[in-house]
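Work through each task with the sequence and the structure at hand.

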Amino acid sequence: MSKKILCVVGARPNFMKIAPVIAALKVGPTPFEICLLHTGQHYDTAMNDQFFTALNIPRPNINLDVGSGSHAVQTSEIMRRFEPVLDQEMPDAILVVGDVNSTIACALVAAKKGIKVIHVEAGLRSYDRAMPEEINRVLTDQISDILFTTEREAEENLHREGIERERVHFVGNVMIDTLKSQLPYATPVTTILDQAGVSPSFLGSKKAYAVLTLHRPANVDDVAVLGAVLSAIGKVSRSLPVIFPIHPRTRSRIEGFGLMELITLANISLLPPQGYLEMLGLMKDARMVLTDSGGIQEETTALGVPCITLRHNTERPITVTEGTNTIAGTDPEKIQAVVNEILQIGGKVGKAPEFWDGKASHRIAAVLHDWFGRFPRRQVT
Ligand code: UD1
């Protein structure tokens, strides 16, 4: 009898991670039975539906439609709505990815019901508890039964927190599985600008540009920090046009704080949140990417494009030690110095980290087949 795994997604960065995992679990001589649950944490078409279409993710079997709210409201509402689903679906395990509120909420409910928890992208640590995602990571890992890591250092982080090595499997990066399979279909930057109504002359004759993304609460919820970062980017845009696909929360903060002129008066082109293939197209040909996202630090390393991280730390250190990433923080002078260095002598070249080879989800499937072989199906009580 095939084992049933309930896969959870909730927010934009989950979608590119779950796509190859589901595909890998569904093939082989004894495919897993997959139930896909969407918590509804992200719900806008631009943050949600278009990823399912582009990445060929099956329609979710269940949607909890939880929507936005404070961390407590969002997390507790997911938990409340998830519990009866587990009672009904009776999976052998749930599989969660990444570090968003949906990840910890569903892991917590399942663990307390005695259902096995599988965590993909375990063990990453920024050691910055001011980041909500760091709390989600630490707690999810503590209650997971099987943990899949993207870089070797993650296993050491987990070991220090008392997690037995037998539970941890270094398999590589599933997000890079998606990147490698989708790269040939990336949308050209000129098409993206055209669709957004931006004249291609915005890029100038050299087609050299920077891409900016910004959405971390630490950067966008504080008027002084957001103002300083946007002023710094405005200066960068004097040497290089900046394309800025804007997250909904960032747009509402910029509008609310009255900072929109820092964009409109600079050489910055604002775009709506982009789909996966569009974002890939924007990043792949960029001179550099400036970001506070976690996933983009990894994607730029895989693409060999210089990345400037607008944070004071990273939970993905391999992107700095082996990849193209430089941590610049939010100090305008430091940001400008890194930008100048890239413009003058080129950015870090980097290399693809171990197992970022497009096969991570197949390794996960192999481990799970082996692991489930050792556990009987959960008894219905
Ligand atoms: C969440 C994740 C973050 C991830 C990010 C990617 C947590 C704690 N954070 O942050 O790790 O990098 O997703 O985007 O889970 N909103 C919309 N439409 C949507 C979704 C959100 O307008 O479809 C707006 C709402 O105003 C909402 C705000 O964005 O209040 C924040 O959304 P939320 O899901 O709480 O967190 P993110 O900032 O997106």
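A crossing is left-handed if the near helix is turned anticlockwise from the far one by less than a right angle, and right-handed if clockwise. The model is predicted: local features need pLDDT of at least 70 and side-chain atom pairs pLDDT 80 or more, while totals for chains, interfaces and linings use all residues. Residues are numbered from 1 along each chain as its sequence is written, and side-chain values use heavy atoms, without hydrogens and water.

**Exercise 1.** Describe how α10 and α16 cross.

Step 1. The axes of α10 (residues 223-239) and α16 (residues 332-345) come within 9 Å and cross at roughly 25 degrees; axes are lines fitted to C-alpha atoms over the stretch in contact, with angles from 0 to 180 degrees between N-to-C directions.

Step 2. The two helices are therefore roughly parallel (angles under 35 degrees).

Step 3. The crossing of α10 and α16 is right-handed.

**Exercise 2.** Determine the surroundings of Gly172.

Step 1. Gly172 is found in the loop between β7 (168-170) and α7 (174-182); helices (H or I, at least four residues) and strands (E, at least two) are DSSP runs, numbered from the N terminus.

Step 2. Gly172 is buried, with a relative accessible area of 4% (buried means under 20%, with a 1.4 Å probe and protein chains only).

Step 3. Beyond neighbours within four places in sequence, Gly172 contacts Thr149, Thr150, Phe355, Trp356 and Ala360 (heavy atoms within 4.5 Å).

Step 4. The C-alpha atoms of Gly172 and Phe355 are separated by 4.5 Å, although these residues are 183 residues apart along the chain.

Notes:
Angles under 35 degrees count as roughly parallel, over 145 as roughly antiparallel, 65 to 115 as roughly perpendicular and the rest as oblique. Buried means under 20% relative accessible area, exposed over 50%, partly exposed in between (1.4 Å probe, protein chains only).
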